[in-house]
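Student: I would like a close look at one residue in this model and at its contacts. Please then go on to the other salt bridges and to the ligand site.

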Amino acid sequence: MIDFPADLLSLLKKTSRAAVLTGAGVSQESGLRTFRDSQPATALRQAQDGNSAQAGLWSQYKPEDLATPEAFARDPKLVWDWYSFRREAVKAVRPNAGHYALAEMEKRIPNFTLITQNVDGLHRMAGSLNVLELHGNITRVRCSKCGMLAEIWGDDLESVPRCEKCNGYLRPDVVWFGESLPPVELQKAVNATRECQVFFSIGTSGVVQPAASLAHAARSNGAVLIEINADPTPLTAHVDFAIQGKSGEILPDLVKAVWE
Ligand code: OAD
């Protein structure tokens, strides 16, 4: 059991409004790769996806070179195939103890907003309810032209599937580099950040805007900042409590220490 500072535990006991920002680090213990780790840039551990030939193929690409509207315009099939591969990887994994601990925390704190940059849907799968997916969700697909969400599509391997309504190419319902964040989710995230007493930044390198600036906005509004990360980040020097380690180990211990 981790020894948390007593003032952190008493603060959390009386907190009624919390906002949490998560990044790829919270899914790392489920087996999904983070974006900025030192390994080749595949979406998951090769050992885990059971298809290492595919993983090897994709490891030559950087996410920043495929997750853009320009890449899709240039080679829609390449981008579609990369996302099909990543979607399969996401389907193969399950939430970890950190995801479940955050769902538990939501039951204990009356106003609790979970803001995530992750597109894997694992927070909802773990039971979190008030989740704002700032970068979309990889399991959803929409038309790149008319925006209609597609429920089913054929992966015929020959070409990118098209929209039933307008014949535009289908694309994953995620935010690509250079695209705007979904305005409703972003506004709700900003509101939760403004109103919270405690703001957690968990498993995110905090370098991608505007999500990264939420922590600073929370701080300017008087919130206590808590960071949980395997390594120091640019935010670490500015937080009130920095807890270094794996979120899948720290979060369940924290929930136990505060509420059990
Ligand atoms: P990053 O890959 O930038 O950062 C992952 C963070 O998680 C790092 O700070 C790691 O130290 C930390 N970490 C790794 N394993 C951990 C663990 N088990 N427990 C706790 N922390 C751990 O991922 P994000 O910050 O999520 O955007 O990246 C933000 C955005 O940049 C992504 O959503 C994506 C990316 O480019 C888009 O695709 C638009």
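In which helix does Lys77 lie?

Tutor: Lys77 lies in helix H7; helices (H or I, at least four residues) and strands (E, at least two) are DSSP runs numbered from the N terminus. The model is predicted, with local features needing pLDDT of at least 70, side-chain atom pairs counted only at pLDDT 80 or more, and totals for chains, interfaces and linings using all residues. Residues are numbered from 1 along each chain as its sequence is written, and side-chain values use heavy atoms, with hydrogens and water left out.

The side chain of Lys77 makes a polar contact with that of Asp81 at 2.8 Å. A polar contact is a pair of N or O atoms within 3.5 Å; within protein, one must be able to donate a hydrogen and the other to accept it, and residues adjacent in sequence count only if both atoms are side-chain atoms. Lys77 and Asp81 also form a salt bridge, with 2.8 Å between the closest N and O atoms; the term requires a side-chain nitrogen of Lys or Arg within 4 Å of a carboxyl oxygen of Asp or Glu. The two residues are four apart in helix H7 (residues 76–91), so about one helical turn separates them. Asp81 has 26% relative accessibility and counts as partly exposed, a class between buried (under 20% relative accessible area) and exposed (over 50%), with a 1.4 Å probe and protein chains only. Elsewhere along the chain, Glu158 is 81 residues from Lys77, yet their C-alpha atoms are 8.4 Å apart.

Nine salt bridges are found in the whole structure. One of them joins Glu133 to Arg140, whose closest N and O atoms are 3.7 Å apart. Glu133 is buried at 9% relative accessibility, whereas Arg140 is partly exposed at 32%. Both belong to a salt-bridge network that also includes Arg142 and Asp173. Another salt bridge pairs Asp240 with Arg219 at 3.8 Å, N to O. Asp240 sits in the loop between strand E8 (224–229) and strand E9 (241–244), and Arg219 in helix H11 (residues 213–220), so the pair ties together parts 21 residues apart in sequence. Asp240 is partly exposed at 37% relative accessibility, and Arg219 is partly exposed at 37%.

The ligand has 22 residues around it, of which Phe35, Arg36, Thr204, Ser205 and Asn229 come nearest; a residue is near if one of its heavy atoms lies within 4 Å. The shell divides into six nonpolar, 12 polar and four charged residues, where Ala, Val, Leu, Ile, Met, Phe, Trp, Tyr, Cys and Pro count as nonpolar, Asp, Glu, Lys and Arg as charged, and the others, Gly among them, as polar. Domain 1 (6–31 + 95–135 + 180–259) and domain 2 (33–92 + 149–174) both contribute to this shell, so the ligand lies between them; the bounds come from an automatic or database domain assignment. A side-chain N or O atom of Gln28 is 2.8 Å from a nitrogen atom of the ligand, and a polar backbone atom of Ser247 is 2.9 Å from a ligand nitrogen. A ligand oxygen lies 3.2 Å from a backbone N or O atom of Gln117. On its own the ligand has 800 Å² of accessible area, and the protein covers 91% of that; areas come from the Shrake-Rupley method with a 1.4 Å probe, and for residues only the protein chains shown count as cover.
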